[in-house]
Amino acid sequence: MIRKTLTCLLGMLMATTASAEWALNMPKGVTELSAETYDLHMMVLWVCVAIGVLVFGVMIVSLFKHRKSAGAEPASFSHSTTAEVIWTALPVVILLAMAVPAAETMVKLEDSRSPDLSVIATGYQWKWHYRYQDEGVEYYSTLARPSLEARVKGAAVDPFSVDNYLLDVDRPLVVPVGAKVRLLLTSNDVLHAWWVPELAIKKDAIPGIVNETSFTATKTGTYRGQCAELCGKDHGYMPIVVEVVEPEAFVAWVEANNGSAEQFANNQ
Amino acid sequence: MTTAVADAHEVHDDHGPEKGLRRWLFTTNHKDIGTMYLVFSLTMFFVGGFMALIIRSELAQPGLQFVHPEFFNSMTTMHALVMVFGAVMPAFVGLANWMIPMQIGAPDMALPRMNNWSFWILPVAFGILISTLFMPGGAPASGWTMYPPLVLQTGDAFPFLIFSVHLMGISSIMGAINIIVTIINMRTHEMTLIRMPMFVWTWLITAYLLLAVMPVLAGAVTMLLTDQFFGTSFFLAAGGGDPVMFQHIFWFFGHPEVYIMILPAFGVVSEIIPTFSRKPLFGHDSMVYAAASIAFLSFIVWAHHMFTVGMPLTGQMFFMFATMLIAVPTGVKVFNWVGTMWRGSMTFETPMLFALAFVFLFTIGGFSGLMLAIVPADIQYHDSYFVVAHFHYVLVPGSIFALMAGAYYWLPKWTGHMYNEWAGKLHFWLSTIFVNVTFFPMHFLGLAGMPRRIPDYSTQFADFNMIASIGAMGFGLSQLVFVYVLLTAKQGEKATAEVWDSPKGLEWTVPSPAPYHTFDEPVHVDRTVAFPQNP
C-alpha cells in the first residue's frame with residue numbers, strides 16, 4: 001500500500017510536468033466561447049491571486065512584526081473611516097471590471113439562433129439518446145463495453161488497462177467541424193446534465209422542459225465529458241463523447257446510418 | 001411556617017444541578033443545554049466524518065473497491081445532511097447557549113423550557129435519519145439537495161427523511177426564537193444593540209435568517225411528500241408541475257443556510273482576534289453592517305446555484321451581479337480582521353491559530369466563490385469537484401475551524417482549567433496541513449473535468465484523488481487529538497477568571513469555571529470591560 005502510494009505520488013509529480021496544463025487547469029477547449037470562458041476564468045483567477053498576495057502579504061508582515069515576542073506594543077486605534085471607505089469602494093470597481101466581460105460572453109452563450117444542425121439529446125437512467133432533427137438518425141449512446149467490464153466491484157480488469165476508462169461510449173455524437181450545432185436537451189426520467197469541458201457546455205436535461213444550447217467546434221477530434229447532475233446509482237457511468245469530423249465525413253456518416261443529410265447540406 | 005418559606009427560598013438561591021440523568025433530561029440551564037448541544041454536534045461530526053472516510057476510501061483509486069454506487073450515493077447524501085444539520089448548526093447553537101447569556105449579562109436564555117425541547121428534538125431527528133441506513137431501499141441517495149424527481153425514487157427511507165428534516169427545522173426555529181428573544185430582552189442595562197459583542201451580533205442576524213428560511217425548507221420537503229403520497233404534482237412535469245421550481249425554493253432556503261453556517265463563525269473569530277492581538281476589533285460598527293448586508297444579499301442570490309438549469313439571460317445576469325456584490329461586505333470583514341491584527345501585540349495560542357487559519361483559508365474559499373459567480377466560468381465549474389473544493393474550504397477551515405477556535409477559547413471558562421496547549425497546537429497543525437492536502441487538489445480535479453457525486457472516475461483523475469484521500473484520513477485521525485484535549489481538559493492548571501491576557505467582555509468577569517447560575521442580578525460593571533467596542 002505504502003509503495004503504491006509512493007509510486008502514485010511520484011507518478012503525479014511526473015504527470016504534472018508532462019501535461020501540466022491539462023491536469024491542473026480548465027481546458028481551453030475547441031470553440032470560440034470555450035476559449036473566452038477560459039480567458040474569463042484566468043482573469044478572475046489572477047485578480048484573486050493579486051488580492052490574495054496583497055491581503056495575505058499585509059497579514060503575514062503583521063504576524064511577524066506585530067507579535068508580542070518581538071516586543072510589539074499594541075496600538076489602540078479601532079477604526080479608520082478613510083481606510084474603510086477605500087476598501088469598500090475599490091472592490092466594487094474591481095467587480096464591475098470583471099462583470100462587464102463576463103456579461104458579454106453570457107450574451108453570446110445564450111445565442112442559439114440559426115443553427116446548421118439540431119440534435120435532441122434525451123437523458124435516461126443511465127444513457128443518452130441522440131436524435132438528429134432533420135437527418136433522420138437516432139440512437140442510444142451508452143458506456144463502452146471495456147469500461148462496463150472494469151467498473152463492477154472487485155472486477156478482474158484493471159481500470160488502468162482500459163482506454164478512456166468510464167469516458168468511452170459505444171456510439172458517440174458525431175458532428176461536423178465548423179457547423180453550429182444546436183442541442184435540445186430534455187430527460188425521460190430524472191435530471192441529468194450534458195457536460196463536455198472542451199466545448200464549455202453544461203446544460204441540465206429536465207423532464208418536461210426542453211433546454212437549448214449550442215456550440216461550434218473549430219477543430220476535429222474526440223471530446224469527452226460526463227453527466228454532471230446526480231441521476232441515481234449509475235450517474236458516474238453515462239459519459240458523453242462527441243466526435244467532431246470533416247463535413248464530408250459527416251455526410252457519409254449520416255448516409256451510412258440510413259439517414260439523409262440533405263437538410264444539413266442545404267443549411268451549409 | 002415563616003421559617004420553612006425562608007428555608008425554601010435559601011435553597012432556591014443556590015441550587016446546583018440535579019443529580020444523574022435527570023439533570024440532562026430535564027435541564028433548563030443554558031450551560032447544560034449548551035454542553036449537550038456541543039457534545040451532540042461533536043458526535044455527529046465524527047459520524048459524518050466516518051461517512052466522509054468511506055467516500056474517500058472508495059475514491060482513493062479508480063475502480064470500485066469497497067462499496068456499491070447506490071451506497072456511495074447514500075454516503076454523500078448522509079454525510080452532507082449530518083454535517084450541515086447535525087454538526088455545524090448545533091455546534092453554533094451550543095456556543096450561543098453557553099456564551100450569549102454570559103456575554104450580555106443575562107441569567108439564562110429567555111425561554112428555558114423551549115431551549116430544552118429544541119435540543120432534545122435533535123437526537124430524535126438524527127436517530128430517524130440514521131435509521132434510514134437500515135431500511136429497505138437504503139438511506140436517501142439523491143444528494144442533500146433532494147432534487148426531484150430523483151428523490152422520489154428513494155425507498156422506504158423517503159418519509160423518514162422528510163420527517164427528520166421537519167424535526168431539524170422545528171428545532172432550529174425554536175432555537176432561533178429563543179436567541180432573538182434573549183438578545184432583544186435580556187441585555188444588561190448599559191448594553192445598547194450597537195455595543196453588543198460581535199458574536200452576539202452575528203448570532204442575532206443568523207437567528208433571523210433561520211426564522212426566515214427554515215419554514216421555506218419545510219414547505220419544500222412537504223411538497224415532495226405530497227407529490228409522493230397524495231397525488232399532487234408540484235414538481236412533476238407529467239402532472240403539469242415544474243422540477244426546477246423545487247430548486248428555486250430549495251436554494252431560497254439553501255443560500256441563507258450557507259450564511260447561517262458562517263455568520264456565527266465570523267462572530268467567534270471577531271472575538272478571538274482582538275483578544276490575542278491585544279487591540280480592539282477594527283471597525284466594530286462596519287463589521288455589524290457588513291454582517292447585516294451579507295444576510296440581506298443572501299436572500300437575492302439563490303439562483304447562482306442553478307446557472308445550468310436554463311434561466312433567462314436577464315435572470316442569470318441579475319444573479320451574477322448580486323452574487324459578486326457579496327464579495328464587498330465579505331471583503332470588509334477580512335480587511336477589518338487584518339486591521340485588528342495590524343500594530344497589535346500578537347501571541348499565538350491555539351484559539352488564535354485556528355482563527356488565523358480561518359482568515360487565510362476562508363478567504364481562499366471566498367476567492368473560489370467569486371470565480372463561481374462568473375456565469376460562463378461557472379458553467380464549467382458547476383457540479384464539478386471545483387465546487388466541492390469551494391464549499392469545503394468555507395465549511396471546514398471556515399465554519400469548523402471557527403468552532404474549534406471558539407471551543408479552545410472558551411474551554412477554560414467552561415471547565416475552570418487550562419487545556420493541554422501542546423496537544424491543542426498539535427491538533428491545529430495537523431488539521432491545517434491535512435485540510436489543505438484533502439481539499440486543495442479538488443480544485444484541479446474539477447477544472448480537469450471530474451464531476452462531483454461519482455463513485456468511480458477515469459484514470460487521469462487518479463493521482464489527485466489519491467492525495468485527497470490520504471489528506472482526508474489524516475484530517476479524520478487528527479480530530480482524535482481534539483478528543484484527547486477534551487478528555488484531559490480538567491487536568492490542566494486552574495484557570496483565572498480572565499483566562500487570557502485581559503480579554504474584553506462580560507464572560508470574563510465571572511469566575512472559571514462559570515458558576516451554574518451567572519448574572520442572577522443585573523450587573524453594573526466597568527464599561528471598558530463589558531463593552532470593548534468603542535465605549
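In which hand, left or right, does H7(B) pass H8(B)? The crossing is left-handed. This is a predicted model.

**Helix pair in chain B**
- Helix H7 of chain B spans residues 198-229, and helix H8 of chain B spans residues 243-260.
- Their axes come within 9 Å and cross at roughly 155 degrees.
- An angle over 145 degrees counts as roughly antiparallel, so H7(B) and H8(B) are roughly antiparallel to each other.
- From H7(B), the contact uses Thr206(B), Leu209(B), Leu210(B), Ala212(B), Val213(B), Val216(B), Leu217(B), Gly219(B) and Ala220(B).
- H8(B) meets them with Phe246(B), Ile249(B), Phe250(B), Phe252(B), Phe253(B), Pro256(B), Glu257(B), Tyr259(B) and Ile260(B).
- By class, this helix contact has 15 nonpolar, two polar and one charged residues.

**Contact between chains A and B**
- Chain A gives 87 residues to the contact, and chain B gives 79 residues.
- On the chain A side, several helices each supply at least two residues: H1 (2-18), H2 (20-24), H3 (32-65), H4 (81-109) and H5 (145-151).
- Strands S6 (192-196), S7 (201-205) and S9 (221-227) of chain A also supply at least two residues each.
- H4(A) provides the largest share of that side, with 15 residues.
- The side of chain A that touches chain B has 51 nonpolar, 21 polar and 15 charged residues.

**Thr77(B)**
- Thr77(B) sits in helix H4 of chain B, residues 69-104.
- Is Thr77(B) buried or exposed? Thr77(B) has 27 C-beta neighbours inside 10 Å, so it counts as buried. The cut-off for buried is 20 or more.
- Leaving out residues up to four places away in sequence, Thr77(B) touches Ala139(B), Pro140(B), Ala141(B), Ser142(B), Gly143(B) and Trp144(B).
- Thr77(B) and Trp144(B) are 67 residues apart along the chain, yet their C-alpha atoms are separated by 4.9 Å.

**Glu262(A)**
- Glu262(A) lies in helix H7 of chain A, residues 262-267.
- Glu262(A) counts as partly exposed because it has 13 C-beta neighbours inside 10 Å.
- How far apart in space are Glu262(A) and Lys108(A), C-alpha to C-alpha? The distance is 28 Å, and the two residues are 154 residues apart in sequence.

Notes
Residues numbered from 1 in each chain as written. Chains lettered and ligands numbered in written order. Predicted model: local features only at pLDDT ≥ 70, side-chain atom pairs only at ≥ 80, totals over all residues. Contact = placed C-beta atoms within 7 Å. Helix = DSSP H or I, 4+ residues; strand = E, 2+ residues; numbered from the N terminus. Nonpolar A, V, L, I, M, F, W, Y, C, P; charged D, E, K, R; others polar. Axes fitted to C-alpha atoms, helices over the stretch in contact; angles between N-to-C directions. Parallel < 35°, antiparallel > 145°, perpendicular 65-115°, else oblique. Left-handed = near helix turned anticlockwise from the far one by under 90°. Buried ≥ 20, exposed ≤ 12 C-beta atoms within 10 Å, placed from the backbone.
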